[in-house]
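This report looks at strand pairing, salt bridges and surface charge. The sequence and structure come first.

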Amino acid sequence: MKKALKVFLIFVISVAILAGAAAYIAPAFLSTPLKKALTEEFSRQTDQDFTLDFSTFDIGILKRSITVDSIVVRPDSASPSIKQVSAKAVSITGIKWLSLFNKPFPNFDRVIIQQPDVELYSRDFSSSAFASTDNNYTDDISKKLATFDLIINNGKGQIIRPNKQEVFRIDDISVEARDVNINELLDGSQLIFMDNLIINGSGLRFSMERKLYEITGGDFSFNKKSQYASLSDFKLTPLAPKYRFSEIKNRQIDRIDLNIPRMEFIGFEMSTLANKHFELDSLHIAGARMEVFRDKYKERPPGINPKPLLYELATETDFSFGLNKAVIADANITYEEHKPPAQKTGSISFNNINATLQDFRTESHPEFREDSLKLDVETLFMNTSRMTLDVGYATFDRNNTHTVSVNLDSFDPKEAGDMLQHVGFVKIEDGLVDNMQASYSLNSEKASGEVRILYRDLKVSFLNKNNPEKTGLKQQFGDFIANTFVLKSDNLGENARIGKINFEREIEKSIFAYWWKSLLDGIKEVIK
């Protein structure tokens, strides 16, 4: 979008040049000559890469203003990155006509752009239309302009591919910048570094068709001076139904459906981005809902595809990033999978999640080796039982050394019956978990630790993995043997059995799968 902003600013420069000449003559007699002169001046300022059209050019000497209505800017064939730029009106107000005594064009207080509409092509062609080395005349003029306020009201825009397919859209955006230096604006990369910059808007859409997702957002705001930004109704929406998603990808893959009603970014300094550094004091996420589905009837991708742990994530970029704290409130996560040969899916959920993450840094951050990441989570497992998770992670350690502690209050295992039956092929007939506590250490290769589960009256049925729906005398006999001689139906009191965790990491599984399978390894040791 910065190229479109440059178009408007060069338009303002062109208007300012003509204002200096027109102010000495009654504007009523200059309508036709001014229109011709402005279009020619604009063409010259843009090295003839753009053509300008507009309806009226109004100079108000007493009102100290200039307004140009119904502006349309179109590129010629040499400038394919911009399809069209238009605006209902561009006004220059607070013109100081007396400044013309010592300069060829006047100073002014404010530029107001009403209802701009920007259409860009997604292909990024290099262009010399605005290069300072190619237009010393524009540079000379911009250096002589005093600072001013820039107001953009109710703009919109879109980025499209050459085949007219939409990539990005914004339905409404308003910008307010005080004491603007036009040279900083002409260098589009300086836009976010301007002091007293305020941006508000709504209606964001970003298409990720090749990845089968669409990203949308509702209202958003940004205040540079207050170091605050917010976004409502953020959504990551799959573009295909659950099973069709994997069919299109032709492999086993997580399908993620995410909705975040409210996000807030508090405490940041934009100027450090120039040095490839960004520090965010706190991120607040409220009411998030995430649903993950995996069709395991599909094959995994060929070859070995290791999933990164946190050290790999922190060291894969040379950009310096630091997050002091992230707070998640009232979130819900559901994981569902369909594992062969089961006819139905199994799912688990974590509800009413409240979590705090502290001290995440990338390798280039000056405090990368000083802080360890901390994660504290409280949730309702299967929306019934309180569960806590505490993680301490030395992200600077190339061995990914970290610790996990889990505590689960009283729980009826039948609440997780779908997951156990259709994924684990174990059916819980009876039993109650009074409490579960686990503490274990993990690194890039393995996990070790202990699990203590207090439970009573546990009775299970082991399903035929080749045909989970099949039952019979042989199956019933196997269940009898398991419940009588193999499984410990009660585990209570001071002499309760403790399970040892000794699990080797599966490098193609995520860090969450690593935590879960390590815990499961200890649970199996308890109930056997």
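Is D109 buried, partly exposed or exposed? D109 counts as partly exposed because its relative accessibility is 33%. Here buried means under 20% relative accessible area, exposed over 50%, and partly exposed in between (1.4 Å probe, protein chains only). D109 sits in the loop between β4 (82-93) and β5 (110-114). Its C-alpha is 8.9 Å from that of D179, although the two are 70 residues apart in sequence.

The model is predicted: local features need pLDDT of at least 70, side-chain atom pairs count only at pLDDT 80 or more, and totals for chains, interfaces and linings use all residues. Residues are numbered from 1 along each chain as its sequence is written, and side-chain values use heavy atoms, with hydrogens and water left out.

**Strands**

Strands are DSSP runs (E, at least two residues), numbered from the N terminus. Strand β10 (residues 213-217) is mostly covered, with 4 of its 5 residues buried. Two strands pair if DSSP finds at least two bridges between them. β10 pairs with strand β9 (residues 197-208) in the antiparallel sense over 5 bridges. β9 and β10 make a hairpin with 4 residues between them, and L212 in the turn has a positive phi of about 65°. β10 also pairs with strand β12 (residues 228-238), antiparallel, over 4 bridges. There, I215 has L236 of β12 as its bridge partner.

**Salt bridges**

Side chains of opposite charge can pair when their charged atoms come close. A salt bridge is a side-chain nitrogen of Lys or Arg within 4 Å of a carboxyl oxygen of Asp or Glu. The whole structure holds 28 salt bridges.

| Pair | N to O distance |
|---|---|
| D149 and R110 | 3.8 Å |
| D171 and R169 | 2.9 Å |
| R262 and E264 | 3.7 Å |

D149 forms its salt bridge with R110. D149 lies in strand β7 (residues 148-160) and R110 in β5, so the pair ties together parts that are 39 residues apart in sequence. D149 counts as buried at 14% relative accessibility, whereas R110 is partly exposed at 29%.

R262 and E264 meet in a salt bridge. R262 is partly exposed, with a relative accessible area of 35%. E264 is partly exposed at 23%. Elsewhere, salt bridges that share partners join E166, R169, D171, R205 and E214 into one network. Within it, D171 is partly exposed at 40%, and R169 is partly exposed at 28%.
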